[in-house]
Amino acid sequence: VSAVDSGNLLGALWALEHGLDEMMHAPLLDGKAFAGLADTGEIMKQAVTQAGIAGFCHQTLEALLRDWNAPPSGIVDMLRLQRRMAINVRSVVAAAEVTPWAGELEEQVAAWIAMTDRYLTWIEILAEKTLEELAPLGSEALLAILQDLSRAPSMHDLAHGQVSSILILNAIRSEISADAPPLAAWLDRVIAAYTTAQWLAGETLGMGTRLIEDVRKLSAALDMRFLYDRDRKLFAIGFNVSTDVMDDSCYDLLASEARFGSFVAIARGDVPLEHWFSMGRPYGAIGRQRVLLSWTGTMFEYL
C-alpha cells in the first residue's frame, strides 16, 4: 500500500467533496465560464500560429477573445453573448482544421450551451419583455424580475424554487384568465420553462448530493494512521501487505506529492500537527531567489 497513493486519494476525495458542494451553490453561469474559454482560445491561437494554417480566421478568433476576456456582468447579456458566439466558434473550429485545441474549444462551448438549454432558457424568456410591457404586473414583480435578470441562480436555488420572480409570477398567473392578452401567454412560457429547469436541476442536485455522501463515506473509511511513523513523525513510503511490514523509508520533503495527504490527514486529526513541521524544507538559490527543493525537481512533485 503506497502512502503517496493513499494520501493523493484522501486529498482528491476532500477536494471533490468540497468542490461539488461549492459547485451546487455557485451561479450556474458567470464570468468564470468565459475566462475558461479565453484560456482555451489563447492556446488554440498559439497552436494555429505554430502550425501556419493558411486562411485561418484570426480576426474572428481575436473578436471572441475580446468578448471572453471582458464578458458582461449581467446574466441576460452573458446568455446573449453565449448564443452569439456559437456561430463564430464553429467557423474558427472549421478553419483550424485538425488542431486538437480546436476540438477542446468546440466541446467547451457545446457544454456551456447545453447547460444553458437545460437550466436557463426561462431567463431568456423572462428578458423578452420591456419594463413598460411588464408594468401591469406591479412594482413588486418588476423588482423581483430585475433582480433575477442580474445574476444566474445556483443549482441549489433553482432546484428548491428559490427564485423570487417565479413565485410572484405564479401567483399573478393564477389570478388572471387564460385569454387575458398579452402577458398570459408569456407567463405560461416562463413558468413552463422554469418548471422544466427546476425538475432537471433537482435531478442533478440529487445525483450530486448522493455523490458527496459516497465520497464522505469513502474518505471516512480511509485511515492514514497505519502508515505514520510516530518516532520520525513522518509517513512511511508504503506498507508491504504480503509481509505485514512497513517500509523503512519515509516521505520527508515538504515539496512532495504526498503533502496533500499530509495536510488532509492533519486536518482530520489522524496525525498530529507536528508532522507538518517535521517534513524537510531544503532550499536552493537562483540568483537572489530562494527555491524550495523537491526530490527530483519535477513539476509533478511541485504541483
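The model is predicted, with local features needing pLDDT of at least 70 and side-chain atom pairs counting only at pLDDT 80 or more, while totals for chains, interfaces and linings use all residues. Residues are numbered from 1 along each chain as its sequence is written, and side-chain values use heavy atoms, leaving out hydrogens and water.

**Helix packing**

Helices are DSSP runs (H or I, at least four residues), numbered from the N terminus. Axes are lines fitted to C-alpha atoms over the stretch in contact, and angles run from 0 to 180 degrees between N-to-C directions.

| Pair | Axis distance | Angle |
|---|---|---|
| Helix 2 and helix 4 | within 12 Å | roughly 15 degrees |
| Helix 2 and helix 5 | 9 Å | about 160 degrees |

Helix 2 and helix 4 are therefore roughly parallel (an angle under 35 degrees). Contact means heavy atoms within 4.5 Å; here G31, F34, L37 and M44 of helix 2 touch M78, L81, M85 and V92 of helix 4. These residues comprise seven nonpolar, one polar and no charged. Nonpolar means Ala, Val, Leu, Ile, Met, Phe, Trp, Tyr, Cys and Pro, charged means Asp, Glu, Lys and Arg, and the others, Gly among them, are polar.

With helix 5, the angle makes helix 2 roughly antiparallel (over 145 degrees). On the helix 2 side, A33, G36, L37, T40, I43, M44 and A47 take part, facing W101, A102, E104, L105, Q108, V109 and W112 of helix 5. This contact has ten nonpolar, three polar and one charged residue.

**The largest pocket**

A pocket is an open set of points on a 1 Å grid where a 1.4 Å probe fits, with protein on both sides within 12 Å along at least five of seven lines; lining residues have an atom within 4 Å of a point. How big is the volume of the largest pocket? About 320 Å³, counted as the space filled by probe spheres set on the points. Of its 15 lining residues, M23, A26, P27, L28 and W112 are closest to the centre. The lining divides into eleven nonpolar, one polar and three charged residues.

Terms used. Helices (H or I, at least four residues) and strands (E, at least two) are DSSP runs, numbered from the N terminus. Angles under 35 degrees count as roughly parallel, over 145 as roughly antiparallel, 65 to 115 as roughly perpendicular and the rest as oblique.
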